[in-house]
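Thanks, everyone. I'll keep this brief, and the structure goes up now.

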Amino acid sequence: MKFKADEIASVIQQEIKQYESKIDVRQVGRVLEVGDGIAQVYGLSDVMAGEMLEFSNGVVGLAFNLEENSVGVNILGDYLKIQEGDEVRSTGKLLSVPVGEAVLGRVIDPLGNPLDGKGPVNTTEYRTLESSAPSISERQPVREALQTGIKAIDAMTPIGRGQRELIIGDRKTGKTAIAIDTIINQKGKGVYCFYVAIGQKESTVAGLIEALKEHGAMDYTTVIVAGASSPAPLQYIAPYAGTSMAEYFTYRGGHTLCVYDDLSKQAVAYRQLSLLMRRPPGREAYPGDVFYCHSRLLERSCKLSDELGGGSLTALPIIETLEGEVSAYIPTNVISITDGQIYLQPDLFFAGQRPAMNVGISVSRVGGSAQIPIMKKVAGGMRLDLAAFRELEAFAQLGTELDPATQQRLDRGYRLTELLKQGIYKPMHVIDQVISIYAATRGYLDKVPVSRVQEYEKKMLAYFHSSEQAAWDKIAASGQLNDETEAEIRRVLESFTNDFLSAE
């Protein structure tokens, strides 16, 4: 066998040309102890808070506690494969998540790993998990409506783009249903939706994904899942990951909606991590900075100024109460951070009033500025009417004789509450809502039996869309309740109501 000297020389020359004298400098530490999703690591003296660390088996960690002699690390993956003495490398990068168009329509975990069997998320763009909230000068007031498609909410506690509206109530009172309805209602409105499931049963999440697919909402929605079986560190970072993915579109002038379902489970995961890291416990054993944990998350939601593109990030955090205890630690914290709350009451839910919104406690601190003018005019006095009706109803149960005016207010109240009932996954167009509420508040339902109110509404809207579509289009185009549009609504309602009552 002969060696060809010129061939060997050319290969060596090629290698010399391509040689780069770069030294791969990395800090390496060792695992001192590991368990329950956290590890104590020795030897990483230059690590940053929130830095991404890599274990020898490829699992990623997050630098959580910087102590004098060791670093407390949250293990974002299977911690059972990590052993004492394993090598841990610092990456010099803050923990980041994949963002961009590639995440839309996908079901992923908080690190961007696919859970839907559709292959990896192909994107070159990443965004850090934690980023500072926009300053006061970078924001503008919330004035643009984000329609939920739910009559009771759009009329009485309206949500605007860039608002943070808390959905609060006991378990099984329809909190998630409101959030899913809102996502379904964004179809064709150019709003990107992010649903973050924290500590939920995976069967429940699978059902929600099916509902979103059925209504064509998965095209513009990303589902981030840190289920009940996920380690506490993943449940803790899930809402921050969802917010980072949403911010990508917000800072490009887009409109996004982020649902955190639910933050009470994230607080529990954070409490678990903090106690394992030996951080001192406070009220209800939560660490002292649990308020900051939620405030730095929710302050990232806002309507950006026009100079920054005018994008918006709307947040719908969900909090589960125990036995209606709204004054517990986490509920009061989140109530004080958000711009209003929708309180769902079990008694109303079991009485068949769905959504089971308590009008007295529920409030939107943005108010009418997040409503379209026609809705603001039509639903203006509705909250007070309903609150007064609830008082009268309690009084009427005593069996006392009522004067005709009081009886009429009671009858109208019964019809209005019946009208506000709405099935799940059936969001309504805002103009349809306006027409229904106008009919109820202006007395068109007064002669309709309470048991037939739902039937009346269904047939009345069908009549509008079949025989009076031109009038409907005119009302929608105007968006104002002026003499002309009011005359149009009255004409159609009078004609339909007479036909409906005479057909009995």
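Start with Ile 16. This residue sits in helix 1, which covers residues 5–18. The model is predicted, so please keep that in mind throughout. Buried or exposed, then, for Ile 16? Exposed, because its relative accessibility is 59% and the cut-off for exposed is over 50%. Together with Ile 8 and Ile 12, Ile 16 makes a nonpolar surface patch of about 290 Å².

Now the whole chain. There are 504 residues, and 53% of them count as buried. The chain has 16 helices and 16 strands. Along the principal axes, the C-alpha trace spans about 110 × 55 × 45 Å. The accessible surface comes to about 23300 Å². Carbon and sulfur atoms account for 52% of that surface. What about contacts along the sequence? Take the contacts between residues at least 6 apart in sequence: 74% of these join residues at least 24 apart.

Next, a helix pair. Two packed helices are described by the angle between their axes and the distance between the axes. Our pair is helix 7, residues 290–298, and helix 8, residues 329–337. At what angle do helix 7 and helix 8 pack? About 35°, with the axes 10 Å apart. The crossing of helix 7 past helix 8 is right-handed. Which residues meet there? On the helix 7 side we have Val 290, Phe 291, His 294, Ser 295 and Leu 298. On the helix 8 side we have Tyr 329, Ile 330, Asn 333, Val 334, Ser 336 and Ile 337.

On to charges. How many salt bridges does a search of the whole structure find? The count is 27.

Pair one is Asp 78 with Lys 81. Their side chains meet in a salt bridge at 4.0 Å, N to O. Asp 78 is partly exposed, at a relative accessible area of 34%. Lys 81 counts as exposed, because its relative accessibility is 58%.

Pair two is Asp 116 with Arg 106. The closest N and O atoms of this salt bridge are 2.9 Å apart. Both residues sit in loops. Asp 116 is in the loop between strand 8 (107–108) and strand 9 (126–128). Arg 106 is in the loop between strand 7 (96–98) and strand 8. So the pair ties together parts that are ten residues apart in sequence. Arg 106 counts as buried, because its relative accessibility is 9% and the cut-off for buried is under 20%. Asp 116 is partly exposed, with a relative accessible area of 23%.

Glu 320 lies in strand 14, residues 312–320. Lys 265 lies in helix 6, residues 263–276. Glu 320 counts as partly exposed at 27% relative accessibility. Lys 265 also counts as partly exposed, at 27%.

Last, the network. Which residues do shared partners join into one network? Glu 468, Lys 474, Glu 484, Glu 488 and Arg 491, linked by salt bridges.

That's it from me. Over to you.

Terms used: Residues numbered from 1 in each chain as written. Predicted model: local features only at pLDDT ≥ 70, side-chain atom pairs only at ≥ 80, totals over all residues. Heavy atoms only, no water. Patch = residues over 30% accessible without salt bridge, like charges linked within 9 Å, V, L, I, M, F, W, Y side chains within 5 Å. Areas by Shrake-Rupley, 256 points an atom, 1.4 Å probe, with all protein chains shown as cover. Helix = DSSP H or I, 4+ residues; strand = E, 2+ residues; numbered from the N terminus. Buried < 20%, exposed > 50% of the residue type's maximum accessible area, 1.4 Å probe, protein only. Axes fitted to C-alpha atoms, helices over the stretch in contact; angles between N-to-C directions. Left-handed = near helix turned anticlockwise from the far one by under 90°. Contact = heavy atoms within 4.5 Å.
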